[in-house]
Amino acid sequence: MPYQIDSLHPQTRRHLFGQCGIGLGSLALSKLLGSNQCHADSEIPTAHNHRTPLEPRSTHFPAKAKRVIFLFMAGGPSQLDLFDYKPELAVRSGQPIPASFVEGKRFAFMDSSHRVNLLGSTRNFSQHGNSGGWVSDLLPHTGGIVDELCILKACTTDLFNHAPAKLLMNSGTGQFGRPSMGAWLTYGIGSESSDLPGFVVLQSGPRGPRGGAVLWGSGILPSAYQGVPLRNKGEPILNLTSPAQVDSARQRQVVNAVRDLNLRHLIATGDEEIATRISAYEMAYRMQTSAPELMDISGESKSTLDLYGIQDIRESTYARNCLLARRLIERGVRFVQLYHTNWDHHGGPTENLETHLPQVCNNVDQSSAALVLDLKRRGLLDDTIVIWGGEFGRTPMGEVRESTGRNHHIDAFTMWVAGGGFRGGLCYGQTDEFGFGPVANPVHVRDLHATLLHQLGLDHQRLSVRFQGLDYRLTGVNHARVVHDLLT
Amino acid sequence: MRSIFILTLLATLFSQAIAQDLPLSTISFHRDILPILASNCFPCHGFDIKSRQAGLRLDTPEGAGALLDTGVRAIVPGSLESSELIRRITISDDSLSMPPSDSGKSLSDAQRKMLADWIASGARYEKHWAFIAPAEHVVPVVPHLDHPIDRFIGDAQAKTSLSISNQASPQTLLRRVSLDLIGLPPTISEIDAFIIATQSDPKRAYEQLVDRLLASEHYGERWGRWWLDMARYADSNGYSIDAPREIWQYRDWVVSAINRDLPFDQFTIEQIAGDLLPNATQEQKIATGFHRNTQINEEGGIDKEQFRMESVFDRVATTGSVWLGLSIGCAQCHDHKFDPITQHEYYRFFAFLNNQIEPKLQVVDSGVNLAQVTADWKSSEKDVLEFVLSRSTQLSHWETTLNDDARKLFSQEALAAITIAADKRTPEHKRVLFMVGLGSGDQTFRALNERYLEFRERVKNGPTTLVLEEMAVPRITTVLIGGSFTRPSEPVTPGTPSVLHPLEHSPEHQGKFPNRLDLAQWIMSDLNPLTARVIVNRVWQQYFGRGLVETDNDFGLMGSLPTHPELLDWLAISFQRHDWSLKSLHRMIVTSKTYQQSSVETLGHLSKDPHNYFLTRQKRLRLDAEIVRDVALTASGQLVATLGGPPVFPPVPQGAMRQGQVERIWTASQGPDRYRRGLYTFVYRASPPPSLNVFDAPDGFSTCTRRNRSNTPLQALTLLNDTTFVEFAYALEKIINRDGLEIAFRRCTSRDASQSELDILRSLDALSAARVLLNLDESVTRE
């Protein structure tokens, strides 16, 4: 439980309710309207019990989903070798792409010399489940759950370099300094966890995602809303562990004394920020216990570990992160994001389609599918949205360097969404014969954002923050729509 | 529409202060009407022609009264019946009602009535206040108040039967003004001396204190950091690779300029166009680093021109926000939706900043410790060469895969190395080959190699800093459709927005296009209605937690109105008349009673002035990230107060530098550099130092004119458990054991502890007590 203001020293209560003559609701309200200019639209900031930044808040309309797990495949997976089956591409492999496709288009690695010839996939594709969704042999477990998945085959984005495109996928714009989706969400509706952060980030793979901390930043919103990385090595959250020689009892003594002194000062000054700080220390102290408990998966059954493909529970892998994601949302965390690198298969010595794409698929396939199944059997999938995808896709043209790869591609790529009121077994959107561009039902990143917020009970037009005279939104000023076709 | 409600509410509260010459019942266009129109109507019926619907614009009286295609007029002054606007905002038919139901906007009944009253009374438009030059105002006469600021503030309070709070206690005041002016708390002897001095002559004691603080070299550090936020200063290149860069000479230039009280007009001109001044000095060139604090994308596969353009976009937006308080950047893709700035004008402004090359300047007499740099270079060389030698097998294998195409992309250095027989190559040759081949995808190598190259260059060429330099032949600037660098359209010449004062050509430039120097001088022109107001407002904001104009970087139509417009103008004019002296401005503000009053909130405050718009008390403000560190360093007696030099590496938690693509090497400084002020901590943009980041230090990605002040559990964990703060706690424990708890308490809070506070602390062991003191809300707050 958050620190209960009711249990404060009676004198404080007298001060707050008597001497000040006002309730905490208006205290909090005065904070929202006063020193910090951030506020969302009507209902949200006026919730009268808004005491701490992450406290749950009401939605604009009833929500279908309560939380999100975003499996971010950093680098941009090749949809043409995984989901978007294009026999014609294989037939024409090696031939130049017709000029009509590429005129006026720009790609990353403009100087690369082998970018115009089509490259067919060498993978075997087959249809799966009752819905008959196409998935290649690189993702057999994903193939096994297609009836749960809403597969978006014609996703589009605007930016073709990694860091800006990742920013766009997270914050709706390639510009730095805007809040990421998890920050928007915890700002808008808070978190149901009182002893873990509301927005948590996990990472796996050979390196960190391009862009770094800004991908889970809070931008113009207070840092209370930024994503907190849970680390795989050492302590799970920075500075979570009490100093050496300070045991739990001694730490508690310190936290209690800080609270008692802060409380006296709250009475003396009447500054409600001190009440917020008292709550923050209580939560910090609880996190010291709850985060290690969260990370300790030794209590999970063998069948669960097998489902995810976890062999060594201490080993830091994507599979372990998937299981942690489930444990996080079970504990009320609002937004969990997993980054897995590296999907950037250009054809360099360590990043080609022949060897490295199968490896990275193998890293994520079983456990991504396991997460969906595990959520389902626990009754959590109905109100949890799982998203799988990268910042963009890859070109139908091959990039032949030391080995084979594909370039970044923004006109059409595949993502999938499961749970949270998205229609399972749906394949939405269609691309042309080479998989170059959409021919039906494109879904722009902004549309995806609008749809996600909709499922979470938020109107993307109304979830806004006034900053320096302008209203900022996740979906920005460009057109964005809720894609109702995707929803049950 | 909460914001409108609040604006209206505030506007009502402020009606007297704002519109003294108008009877209360009169509608003010700026206060009452413009916010409604700007927020609800201008997005589709405003200045931006491209998004304009139905050919209707409501931002000018001509547009509002024009005969539309449908044969109606939106506004007919004095006639509600003939005004289509009234019909459309009151109609119940969803397909006709305005604003459209799917826009997410709606009007309240009060707003509808306000619009109707305004139209009925003649629909009078007024020019936006911020585009009219500050006016001379007579300082009001208020009994018992002589300071001009107090008289303006007191006058507004008196009209609403409010009054200022009592002066804060000497201890609180001393700590407040010390933290505000130099970013450091007072020492015990300073506290004692000040208390004694105030007993005989409080006013004189305080003025002497202010003079001493303004003369301190730490003043430049505190207010230098204020400026560095706006300059988006950091020590790395940003984007995904985020290699280190060297530009700290610019940081030191700022600190020194602030300490010298370089007049703000000169301060501005040197940063925007120091290189173009006649016989520009090295210092003036270093100053142009202001606009080199943009990111550089080192990702593979990028179009360099695209990211050069991104830097220029950022420079335009930053110049607009910092000096003009306008969101000019909004007109990059389209005409501004609210302010009268066309996209064409945007690119004319852009043209000033599009004609530069971006060199490194070698700095002579930098005062850098060469022995230290050489030692760093040697050790980083050893690290990278050892790494390369451990990868010899992979390197040989890679060589066998090379073809002629690949060799074409080699550097000279690499071509030379590859022609040497493999067994004759030195480790350095191997490093060069590794760098052009396998190294680009090897993050460990990159981190080691980039660090090595950085030190090597510093030893070889001496310290460098990033500067701007004008091109002999300017680039051709065009409007870019949709703000995309791939879609150039008509060419433009350099120019400034027509809504502001005219651009004057310096005589020697006659016949040539105006350049950056002309731009800088235009910004600092006496005719500019904005800059002096914007800067005094931003200084004010530091002292009271909020500016007189709340939207400190939007003085445009969507920005808030000034709560005390006459005071704002008076301060702006006074700033200009005192030769743009920031020190004079600071002295002016901190010697006012308004500044010196208590920050304690009482029942009266919360009922009569709940948001403190009347400044009936001071405000408790959580310290800036760097100062949280500085206070703990000072309290624990660890501070090494030397100024300037290359950034330093205090300890960070293990793994903290792993947030970006490349895990950066962070070898914690030993010796004095471990205990320097937060301002000097090395900042990687992609992996910011956690203890600064968690307290809302800006990220350096774009200009920050006002920091957030959040209050979070991660801050608690930092102060409780971060190695650095634990080190401070051990040092403070020693002080407790040596000097007693009372002294330790005063070192943290600058005041005497009460008996009950001491009782709580005495129940703990000394280390715990030290940790408690460093964690107090009061220790990280300026009251």
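**Note on strand pairing, helix packing and the contact between chains**

1. In chain A, residue A:C150 has A:L426 of strand 12 as its bridge partner. This pairing belongs to strand 4 (residues 149-156) and strand 12 (residues 426-428) of chain A, which run parallel and share three bridges. Strands are DSSP runs of E of at least two residues, and helices are DSSP runs of H or I of at least four, numbered from the N terminus; two strands pair if DSSP finds at least two bridges between them.

2. The model is predicted: local features need pLDDT of at least 70, side-chain atom pairs count only at pLDDT 80 or more, and totals for chains, interfaces and linings use all residues. Residues are numbered from 1 along each chain as its sequence is written, while chains are lettered from A and ligands numbered from 1 in the order in which they are written.

3. Strand 15 (residues 443-444) of chain A runs parallel to strand 4 and is joined to it by two bridges; the bridge partner of A:T156 in strand 15 is A:H444. Eight of the eight residues of strand 4 of chain A are buried (20 or more other C-beta atoms within 10 Å of the residue's own; 12 or fewer is exposed, and in between is partly exposed; C-beta atoms are placed from the backbone).

4. Strand 10 (residues 404-409) of chain A is largely enclosed by the rest of the structure, because five of its six residues are buried. Strand 9 (residues 393-400) of chain A pairs with strand 10 in the antiparallel sense, over five bridges. Within this pairing, A:R394 has A:H408 as its bridge partner.

5. Chain A as a whole contains 14 helices and 17 strands. Of its 488 residues, 61% are buried. Among the contacts in chain A between residues at least 6 apart in sequence, 75% join residues at least 24 apart (a contact requires C-beta atoms, placed from the backbone, within 7 Å).

6. Where do the two chains meet? In total, 78 residues of chain A are in contact with 85 residues of chain B. Helices 2 (24-33), 7 (162-171), 9 (248-269) and 10 (272-295) of chain A each supply at least two residues to the side that touches chain B. Helix 9 of chain A gives the most, with eleven residues. That side of chain A comprises 29 nonpolar, 32 polar and 17 charged residues (Ala, Val, Leu, Ile, Met, Phe, Trp, Tyr, Cys and Pro count as nonpolar, Asp, Glu, Lys and Arg as charged, and the others, Gly among them, as polar).

7. In chain B, helix 9 (residues 170-182) has 13 residues and reaches 17 Å from its first C-alpha to its last, close to the 18 Å expected at 1.5 Å a residue (the expected span is 1.5 Å times one less than the number of residues). Twelve of the 13 residues of helix 9 of chain B are buried, including B:L173, B:R176 and B:D180. Just after this helix, B:G183 takes a positive phi of about 70°.

8. The axes of helix 25 (residues 531-544) and helix 26 (residues 565-577) of chain B come within 8 Å and cross at roughly 105°. These two helices of chain B are therefore roughly perpendicular to each other (65 to 115 degrees; under 35 is roughly parallel, over 145 roughly antiparallel and the rest oblique). Axes are lines fitted to C-alpha atoms, for helices over the stretch in contact, with angles from 0 to 180 degrees between N-to-C directions. Among the residues that meet are B:I535 and B:V536 of helix 25 of chain B and B:L571 and B:F575 of helix 26 of chain B. The contact of helix 25 with helix 26 of chain B involves seven nonpolar residues, two polar and one charged.

Note on methods. Two residues are in contact if their C-beta atoms, placed from the backbone, lie within 7 Å.
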